[in-house]
Amino acid sequence: MTHDIVFTVNGNPERASVPATMTLLDLLRDRLALTGTKEGCGIGECGACTVLLNGKPITACLMLAVEADGQAIETIEGEAVGGELSVLQQSFIDAGATQCGFCTPGMIMSAHGLLLRSPSPSHDEIVEAIAGNLCRCTGYEAIIAAIRLAADRLGGEPHDA
Amino acid sequence: MTRELNVIGKPVARADAVDKVTGAAHYTHDLGFPGMLHAALVLSPHASARIVSVDTEAAEATPGVRAILTGKSLDVHLGLYMQDKRILAKDVVRYQGEAVVAVAADTLEIANAACRLVRVDYEELPAVLDPCEAMEKGAHLVHPDLETYSHMEGVFFPKPKTNIAHHQKIRKGDVARASDDAEVTLTASFDNPPVQHVPMETHATIAQSLPQNRMEVWTSSQSPYTVRHLLSATFNLPHASIRVHVPYVGGGFGGKAGLGLEPLAYVLSKAADGRPVKVVATREQEFNTLPSRQGLHSTIEIGARADGKIVSLKSTYIWDAGAYADYGVNVGRAAAYSGAGPYSIDNCWIDSFVVYTNKIYGTAYRGFGHLEILWGIERAMDQMARKLNMDPAEFRRINLLKEGDTTITGEAFTSGHGKPQQCLDAVTEAIGWGTPSTPPDVPHKVRGKGIAMLHKAPAMPTYTSCSVVIKLDEDGGADILVSGVDYGQGTYTVLRQIAAEELSIPIEKTHITWECDTAFSPYDWQTVASRFAYMGGNAVIEASADCLGQLRSMASRALDVPSELLICNGGSVYPDGQPDRAISYATLALGYTFENGNSIGGPVIGHGRFIAKGLTHLDPETGQGLPAQYWTYGAHAVEVEVDTQTGEIEVLNIVSALDAGKVLNPKLCLGQVVGGVIQGLGSALWEGFVFSEDGRFLNPAFVDYKIPTAKDIPHRTQQIFLENPQPGGPYGARGVAEHPMISVPSAIGNALYDALGIEFMTLPLNYERILTRLRENAEAT
Amino acid sequence: MLGNFEYTRIRSIDEGCRALADAKEAGAVLAGGTDLLVEIRNGLKSPKLLVDCKALDDLHVLDTSPEKTTIGASVTLNRLIENRTFRGHYPALADALESIGTYQLRNRATVSGNICNGSPAADSAPVLLVLDATVHVHGVGGPRVIPIADFFAGVKRTALNPDEIVTSITLPVNAGRRTSFLKQQRIKGHDLAVVNAAGAYDPETREVRLAIGSCAPTPVLLDPIPMDVSDLAASINHAVSLVQRSVSPISDVRASAGYRNAVLPVLVTRILRELLDPGGEA
């Protein structure tokens, strides 16, 4: 049995007919070809599949696609608007916060969620926000610096793009 | 002559960053093709067993299943150095997690469901899990037919009818006499568990068997050409019939060197009538089935004079290779020739045994062999210093390699080797060595400081080579073709900087495409061993010179000026002192056209190459020879704080100094060091496989295999780069990518002694181990 | 894709209970899914039907009235942690919830899910136990309440019948009681508890409640222990010995029994010092 669902991804209305067993991650990657969201473990431990659900970061591997019915999803593909990098994306580049890049989309979505709820985050808030995103390359320092840089550049305004 | 540099040494941002922050970077995980099948694996639940029967009937009857393979039908051995492994287990399984059956089906769900229908009957066999026990007479033989396996002759020495895959010897001077003469001696043993690389992108491969015995492969690999060569050797196919693509790679750290899932994907595709087959390791398979870093048991005997000069070193390194030792043998070899640390020791005897056991098999992991041996060596150096009543830093200074010394393989240590002591001096100064730590504000916490040295040379065959092609674009830009892989290190950005510098064009006009393709990219051995910037950089310099020669030659005719009087600057060629006569590279890139329409020259394509120079095989009996293209030296100093009631350890500061020769890009270099140090912290404090008594792997997931998170990094890290130039290195640079990880555990172990007065000999230094030792100590006193 | 199950988003609690009853033992309630979906993926559970209650508005109620606090079964951990009133009333519970998993996980996970999973290491359990929480459940026969002390039945087992759904957890007013939660992990990053513990001290009765997790097949609640503040050290030693008699830690891949036994008195002592001698010497 499949379930018909209606939802938005990066503001675009979407419809899909999905089996109960499909995860949101499968829906994004396999059906919608939004492969910027990565799978690193499948059990919610690594954060590579972090997306925003109604503005809040969640791991897409631990949510069923059918649960997305009526919800708003944001992925890394929606982060740059009209080809223009977001302040967060530019800050990740400037701070040298990406190496192999596999954790980067999830990391940026976690950071995006943070800057929505806390536009001037403390160091501890930044760390708490990304501690669920494993990175094996950078040692995190540059990522923390990138988020700090983005918050400074946004000047206390919530990150909304 | 000092030359003014415009691009080299500048913090140029990585070219791939935009793709990575937008999600546009496609990794093998993200690729798919029409008709593509998905593969799943049946894994062995036993560490050691005979495969009695495999029943695939029910699985074959599943709609959507297109191919099922077992080891029976695949009679080939794989390997780069030691061909001891099969694509799927045949007759016996040698570790829990070994792939026994593979299914390719229309969807991953069907493949997984079919795997659950496969019935494998096993008859359990004795298992040998400890490498020391595996060396004993009468131990269960993991490979009873070892003598029949092909291996790199003259370099590796497997011992038939034993579990020893390789025995590397180093013999220098007269150890027996020197240790008899020593005034102070120390013997100590150390242990490292197997550890996983944990790239965030697990291994993934898509392969397609094509007509006329051709094959196309897309793979998350560090080694496009080595993959192609080994596929060619394995399946007896011409090299040109195999095309290997490497798109963006989500981390490797050595675990994606050599062969991975490529042969399996290919044989499945062949069995499925040539449909492309995608094999993606689950995270559990990444832990359980794909290779790890080898465990090590080391015993170190040091003899010294009372004045602190080491006179003898005898070390035995027993490597826990696991079930297969293809890459493990090379780790055992490299660890032997590096096996005395960065010290000058006249009398040295090292035995490095790579030993089969019934566990997950080992491979290269960032700085391979060195984090492991230096855990012992640098801990032993501190212990010896205490026996001598000397400061550990001072004891090291007495023994560090200096100009005029020779290494344990007989290599002369010259001024071009870099300055180990400057690294030590830099970190001891930064950490405030000699000044006790500020006491913590609570009585149950204590602090301590520790130092450790590190060194490593690229471990690679004597003939290792690479090549680069540079094509000039119509706009005068440079397209650089390489087949070394940038899986996050940033080497492509550095190669672009070198091309920009050499060609005298802006960095923005240089370009490297993020996909290696053996059909178009020129040869490179493998992207391992901190050698890509060094070798690839030299090749870019040569290719740039080739381009400039072609540009000058055309400009010479166009301007009617001898080419030796022409200079290339800012993207133009002109006679020295006459920039007004400049001809732009763009005008020359496809050939030069005179006013009357006559044309000369042609498209500018330069090529450059580099091959390791002067390396020799090591003498089988003495290990003497020249194994290293260059050495990189460094040091760490750390300060830790321990909660003596719970064993929790917190790293307050890690200072790292590396002699980079020349920092080509400070931003990328820093990224390598910070990232490497935190990876080393993982090995130091948390990481390690845990096995049950019957050889089952108990922590094959992030739930119980913990790597550092953003909460686990030190309060502070500091990076110091020394620039004592490397002769033959591009702009004097030497590799530094692997090194930051090495000796982080050693420095922390030494700091723990300073804090607690307890000698830790076993990694990881997790809270439980620390508290257990604290309590044992309290009971004993 | 995960396992082989059907999914239903219920519109009433009765519909959910009937669906679970019809599914016999093969139904499972889908709350945040952060434990259930992992167990399905790993083959540890294979339910045939997932019952999603998140469309029921009643289950999203978070009411922190002065008399009692009601936490609807669908309230996420982060909603609680980020609610200042809630943290003000129940700081130890907020601390415990914040120690669960990652930030992303806490945007999905619920307290009800944490206890229904039945893990001996459930981080919310010790605090809920010392706070005398009440679990409100609904089955085909109607609602009933289960005191939290009766909720845990064994490793991965609870007092719930197969047709029952937790609708909310209520906490009595916490006036005057001081509470504290501590958790020993293997790493500062997200981890399951090696040992967790909570304490609640009532200055009026001068009694302390202690609950311990990860040291027995279920979280363990001790009987109230009288504390003599004039001889705190003796009281603490006494409490520690009572704790040690109440638990039976085992060795597993996370820690040895020996380590658990060693850390447990440390956590209990630290909790009692914080409750009885805040600001005193640790």
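A salt bridge is taken here as a side-chain nitrogen of Lys or Arg within 4 Å of a carboxyl oxygen of Asp or Glu. By that rule Glu128(A) forms a salt bridge with Lys711(B), with the closest N and O atoms 3.2 Å apart. The model is predicted: local features need pLDDT of at least 70 and side-chain atom pairs count only at pLDDT 80 or more, while totals for chains, interfaces and linings use all residues. Residues are numbered from 1 along each chain as its sequence is written, chains are lettered from A in the order in which they are written, and side-chain values use heavy atoms, with hydrogens and water left out.

**Interfaces with chain A**

Contact means heavy atoms within 4.5 Å. Buried area is the accessible area (1.4 Å probe) that two parts lose on being put together, summed over both. A polar contact is a pair of N or O atoms within 3.5 Å; within protein, one must be able to donate a hydrogen and the other to accept it, and residues adjacent in sequence count only if both atoms are side-chain atoms.

| Interface | Residues in contact | Buried area | Salt bridges | Polar contacts (both residues at pLDDT 80 or more) |
|---|---|---|---|---|
| Chain B and chain A | 47 residues from chain B, 40 residues from chain A | about 3400 Å² | five salt bridges | 22 residue pairs |
| Chain C and chain A | 27 residues of chain C, 34 residues of chain A | about 2500 Å² | four salt bridges | 16 residue pairs |

Between chain B and chain A, carbon and sulfur atoms give 61% of the buried area. Val21(B), Met200(B) and Ala710(B) supply 21% of the area that chain B buries against chain A, more than any other three residues. Helices (H or I, at least four residues) and strands (E, at least two) are DSSP runs, numbered from the N terminus. Across the 22 residue pairs in polar contact between chain B and chain A, helix H1 (17-22) and helix H16 (666-685) of chain B each supply at least two residues of the side that touches chain A. H16(B) gives the most to that side, with seven residues. By class, the side of chain B that touches chain A has 21 nonpolar, 16 polar and ten charged residues. Here Ala, Val, Leu, Ile, Met, Phe, Trp, Tyr, Cys and Pro count as nonpolar, Asp, Glu, Lys and Arg as charged, and the others, Gly among them, as polar.

For chain C and chain A, carbon and sulfur atoms give 57% of the buried area. In chain C, Met1(C), Gln104(C) and Arg108(C) lose the most area to chain A, together 27% of what that side buries. One salt bridge joins the side chains of Arg9(C) and Asp69(A) (3.0 Å, N to O). Strand S1 (6-9), helix H2 (36-41), strand S3 (49-52) and helix H6 (103-106) of chain C each supply at least two residues of the side that touches chain A. The residues of that side divide into ten nonpolar, nine polar and eight charged.

**Aromatic pairs**

Rings of Phe, Tyr and Trp (its six-membered ring) pair if their centres lie within 6.5 Å; planes under 30 degrees apart count as stacked, over 60 as edge-to-face and the rest as tilted. Over all chains there are 31 aromatic pairs. Tyr95(B) and Tyr324(B) form an edge-to-face pair, 6.3 Å centre to centre with 80° between the planes. Tyr95(B) lies in the loop between strand S4 (92-93) and strand S5 (99-105) of chain B, and Tyr324(B) in the loop between strand S14 (310-322) and helix H9 (328-337) of chain B, so the pair ties together parts that are 229 residues apart in sequence. Phe102(A), Tyr27(B), Tyr248(B), Tyr492(B), Trp514(B) and Phe532(B) form one aromatic cluster.
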